[in-house]
Amino acid sequence: MKKILGLDLGTNSIGWALVEQDFDKKEGRIIDAGSRIIPMDQKQLTDFESGNTISATAQRTAYRGTRRLYQRENLRRERLHRVLNILGFLPEHYKNKIDFENKKGQFKSEVKLNYKKNDSGKYEFVFKDSFNEMVKEFKSEHPELFYIKRNGDETKIPYDWTIYFLRKKALYEKISKKELAWVILNFNQKRGYYQLRGDELSKKEDDNKDEHYYAFTIKEVFKTDESNAKGTWYEVKFEENDWTYKRQSKEPLDNWVGTKKEFIVTTTISKDGKIKRSFRAPKEDDWGLVKKKTEQDLDLYLKEGDNRTIGTFIYERLLQNTDQKIKGKLVKTIERKYYKEELESIISKQISEHKELQSKEFYQRCIDELYPKNEAHRNKINDKDFKYLFVEDIVFYQRPLKSKKSSISGCQYETRSYWKKVIDTETGK
C-alpha cells in the first residue's frame, strides 16, 4: 500500500487529502482530508476579482520582509553590545540588562541607554551635562526661543535632541565613552536607503544623464491641437527659465498659472551635444520626490563647508527653528552613503581621543568574541582597526547576494565549436 498526499492550491485556500492506494489490487481509501482557508475580507476579495493582485499572501510576504529587517537590526545591535562591553563603553544600568553569557548581546529586559531609573523610581536623562551644554548654544542663538509660553505652558528643548548635538560635537572633540556608545547604537537604527547590492563605490553613474529636483512657478499654459482619448496635450512655461514642459490631461490646466509645482527633471546629453529634458511631476507625498528633494537640499548644505554631515544638518536646522519636525519631515529617505560618511568621520576623530580604540589588544579581543570559530574571517580583518569593525563589519554590513548559478541551464539552441588535437600513439604526432 502506498500513501499519497494530494494538494489543491487555490487563490485563498489550500485543500489536501491523504490517501492509501494499492495499485495491484486496485483498492484504496482516504485516510484524511481537509482544507486551510487564507482569511480575506470582502474588500480584498473584491479587489482581487477586479484585477488587483495584492492578496493576503502578498501582505504576509511584506510583513515577513519587515520582520527580517527588525531581526537583522537586532543582530547588529547584539554584536555592537558585545564589542562595546569589551571596550567598557556601556553605561552600568544598560549593561546589567544584557546577557553576555548564554544569549550573547541580547537583552534580558529591554531598556534605553540614555535614560535610567533614579532612587525614586522615575526615569532621568543620563547625559545632562551634554544637554546643558547644548542648551547654552540654543540660548546664545535665540534667547527668546528656549522658554516660549504658549497657552500658559512652557515649551522646552527635548532631551532627545542631545543625540544631534553629540553627533556634531564628536566631529571636532572628544566625547565620553558612554556618549560614543549611544551615538554608534543610534546609527544602527537609522542606516539610510540602499538599493544596489555589493560595493556602492563600484556604482557607475552615467556622465551624460543627470536628475534633479526643481520647484517652478507656472508662467503660462498653452493648449495644443494634439489630443486623443487620454486627453489634450498642453505646453507649460516656467518663470524661472525658458524650459517647456509638455503634459497630457483630460482636465484644463489653466488654474496652474501662478502656482508653484515640483518636478524631477532628467537631463540627457546626446553624442552630438543636444540636450533633452524629461519632466516628472509626482504628487507631494511621492517617495521618489521626497528622496530627491531631501538629498538635493543636503548636498547644497554639505558643499558650503568642511565637517558637515547629516547630523550637523539636522542640528543646525533645529537651532534655527525649534518647532522643526525631524522624523518624516526634515530628513526622510536618503541614501545610506550620507550616514556612512558621518559615522566614518566620527569614529576617525574618536579613535584619536580614546586609547581603547587605538589598542590592538582590545581589537583582537573583539574579533575573537565575534568570530570564535571563523578563523578565515578573523585573519581577513586582523590587520584592520575599529573604524573598519564598526562601519564595515557591523553597522553597515551588507550580506552578499546568494549565488544562483545552479539555476542556469544549457540552451538547446546554442552551439560551440572546438579544436581537438589528436595524438597518434604509435608515432607520437
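Is N307 buried, partly exposed or exposed? I looked up N307 and found a relative accessible area of 35%, so N307 is partly exposed. For this term I note the cut-offs: buried means under 20% relative accessible area, exposed over 50%, and partly exposed in between, with a 1.4 Å probe and protein chains only.

**Entry 1. The model**

I record that this is a predicted model, in which local features need pLDDT of at least 70 and side-chain atom pairs count only at pLDDT 80 or more, while totals for chains, interfaces and linings use all residues. Residues are numbered from 1 along each chain as its sequence is written, and side-chain values use heavy atoms, with hydrogens and water left out.

I found 12 helices and 14 strands in the chain. Both are DSSP runs numbered from the N terminus: helices are H or I with at least four residues, and strands are E with at least two. Of the 429 residues in the chain, 33% are buried. I also looked at contacts between residues at least 6 apart in sequence, and 51% of them join residues at least 24 apart. Contact here means heavy atoms within 4.5 Å.

**Entry 2. The sheet of three strands**

I turned to an open sheet with the order β1-β2-β3 and antiparallel pairing. Two strands pair if DSSP finds at least two bridges between them. β1 (2-9) and β3 are the edge strands, and each pairs on one side only. From one strand to the next, the twist averages 15°.

I then followed β2 and β3, which pair in the antiparallel sense over 10 bridges. W16 stands opposite G34 in β3. The loop between β2 (13-22) and β3 (27-37) holds K26. K26 is not a glycine, yet its phi is positive, at about 55°. K26 counts as exposed because its relative accessibility is 74%.

**Entry 3. The sheet of five strands**

In what order do the five strands of the open sheet stand? I read the order as β12-β11-β10-β13-β14, with antiparallel pairing. β12 (244-249) and β14 (275-280) stand at the edges with a single partner strand each, so one side of each is left without a neighbour in the sheet. On average, neighbouring strands of this sheet are turned by 45° against each other, direction ignored.

I looked up two of the pairings. Strand β10 (residues 209-228) and strand β13 (residues 260-269) are joined in the antiparallel sense over nine bridges, and Y214 stands opposite F263 in β13. β13 and β14 pair in the antiparallel sense over six bridges, and T267 has R277 in β14 as its bridge partner. The hairpin of β13 and β14 has five residues between the strands, and G273 in this hairpin takes a positive phi near 90°.

Axes are lines fitted to C-alpha atoms, for helices over the stretch in contact, and angles run from 0 to 180 degrees between N-to-C directions.

How far apart are the axes of α7 and α8? The axes are 10 Å apart, and the two helices pack at an angle of about 95°. That makes α7 roughly perpendicular to α8. By the cut-offs, angles under 35 degrees count as roughly parallel, over 145 as roughly antiparallel, 65 to 115 as roughly perpendicular and the rest as oblique.

D297, L298 and Y301 in α7 meet I310, T312, F313, E316 and R317 in α8. I sorted the residues of this contact into four nonpolar, one polar and three charged. In this sorting, Ala, Val, Leu, Ile, Met, Phe, Trp, Tyr, Cys and Pro count as nonpolar, Asp, Glu, Lys and Arg as charged, and the others, Gly among them, as polar.

I came back to N307, which lies in the loop between α7 and α8 (310-320). The phi of N307 is near 55°, a positive value in a residue other than glycine.

**Entry 4. Helices α9 and α12**

Last, I looked up helix α9 (residues 336-351) and helix α12 (residues 386-395), which pack at an angle of about 150° with their axes 9 Å apart. That makes α9 roughly antiparallel to α12. On the α9 side, the residues in contact are K340, L343, E344, I347, S348 and I351, and they meet F386, K387, F390, V391, E392 and V395 in α12. By class, I recorded seven nonpolar, one polar and four charged residues in the contact of α9 with α12.
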